[in-house]
Each structure stands twice: as structure tokens, then as C-alpha cells.
Amino acid sequence: MCDSDYTGDNRADGAIRIGDSICLKHNMTGRFLTSVPEYNYEGGSGQQVVFAGGWEAVPETYFIPIPRLGGEAECGSEINFGDIIRLKHSATRTNLHSHAEIGSPVTGQQEVTCYGDDEISDENDEWIVEQWTYDEDENAQYEDDNTWYTGRSFLLRHVLTGVTLHSHDELIDSDNNEVTGYGDGPDENDRWRVAFEQ
């Protein structure tokens, strides 16, 4: 399939599958991973800004998990912890992206952007979905199940640089939290869930 074939018609409910429509909610701040058209970094890469925005799912918070470059995962196949995916931003068709040696504007941590389109993608768009193993009560509900589920805590690790998708209380503008790549985890600020409500 081509990237343009992934339209995110099905909202994830239970196990998360390739091609689903999902929203990523930051556990500590309660804010959703967001990007909007024509809001680009003034410095750094100049690419489209990614931030933790409002407390409700809106069109700009939806992403579609798609296979890694050259991957053979079929649309509708369940995603497991340890799988490598890309995340396509539904509203702008860009890809969640990071790169080495470009600092974020507020904290100087690794910049995270949305970049490319349905034709342009590279290895900087690839992320590993990892289980959040530091909440014993939550993980006991799933026993030995390695499947990525709606509501189940996870972290995203950038394949090429090893940093984790991160947010914090630092503001990137008047009302939105900065999103970065930071450290090798675990940090509570690396913890996310797929959710659609507060």
C-alpha cells in the first residue's frame, strides 16, 4: 500500500491496528499530541511544530499508525510492543519525525516535528512502540499480552537516535506544552496513552 491509502477511517477501540485513527494523550499533563498546518519552528529545522495542546481530541490530534519504511504489516494487523511504526498526522498528512543535533527551542532537547507527506518519508519517521513497564497494577490487567491497546500506557522510542517522545510543563507558546525527544527513558514525562476523551 502507498502512504496515501491510509485514511484512518476506523477509530481504535481495543487493540490498536495498522491504519487505525488514534490520539496520543500525555499522561502527566493530560494534553493531546497535536500539530497544525503552517505552524513551523522559526529556528532549528523550520519544520512543522508538534506540541501537547488541548485536553480534548480534535481533528488536529489524530494520527494513523502505518508500517515502517519497506514494512510488510498489513492494514488492520494488530500492533505489538517492540514493533516499529510510523505515525501519519491525519490533518496534514505529515509524519511524526525527529532528528539528531537539532535542539528544541525551549529546553534544547531533541526537536520533534511533523515532516514530509504521502510521498516523502525517511528513517527519521520511525518509532518503536514500547510497553510502559513501571505500573504493576496496570500491567497486571494484561498479564502476558504484548498487544498495544487503547488506554494502555506506552512510550515511543525514536529508532535512529534512541530518545523517547517526551513532553513537560515547559510552554512552547502561550498555551501549549513543548514536545521533544529526550533521554533513553523511563521518565514519567515519556508516558502516553491512546485516548479520545479527558
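I note at the start that I am working from a predicted model.

Cysteines. I began with cysteine 114, which counts as buried because its relative accessibility is 2%, below the 20% cut-off. Cysteine 23 likewise counts as buried, because its relative accessibility is 0%. I then searched the whole structure for disulfides and found zero. For cysteine 23, which is in no disulfide, the nearest cysteine sulfur belongs to cysteine 114 and lies 13 Å away.

Core. I looked next at the largest nonpolar core, which holds 32 residues, and noted that Ile22, Leu33, Leu96, Trp148, Phe154, Leu156 and Leu165 touch the most other members. Among the elements that give two or more residues to this core I listed β1 (22-26), β8 (110-115) and β10 (154-158), while β5 gives the largest share, four residues.

Pocket. I finished with the largest pocket, which has about 150 Å³ of space. Its lining is made up of Tyr39, Asn40, Tyr41, Glu42, Gly43, Gly44, Val49, Gly103, Pro105, Glu111 and Ile172. I sorted these lining residues by type and recorded five nonpolar, four polar and two charged.

Key: Residues numbered from 1 in each chain as written. Predicted model: local features only at pLDDT ≥ 70, side-chain atom pairs only at ≥ 80, totals over all residues. Heavy atoms only, no water. Disulfide = S-S within 2.5 Å. Buried < 20%, exposed > 50% of the residue type's maximum accessible area, 1.4 Å probe, protein only. Core = buried A, V, L, I, M, F, W, Y, C linked by side-chain atoms within 4.5 Å. 1 Å grid on protein atoms, 1.4 Å probe; cavity = no way out; pocket = protein on both sides within 12 Å on 5 of 7 lines; lining within 4 Å. Points joined across faces, edges and corners; volume = space filled by probe spheres on them. Nonpolar A, V, L, I, M, F, W, Y, C, P; charged D, E, K, R; others polar.
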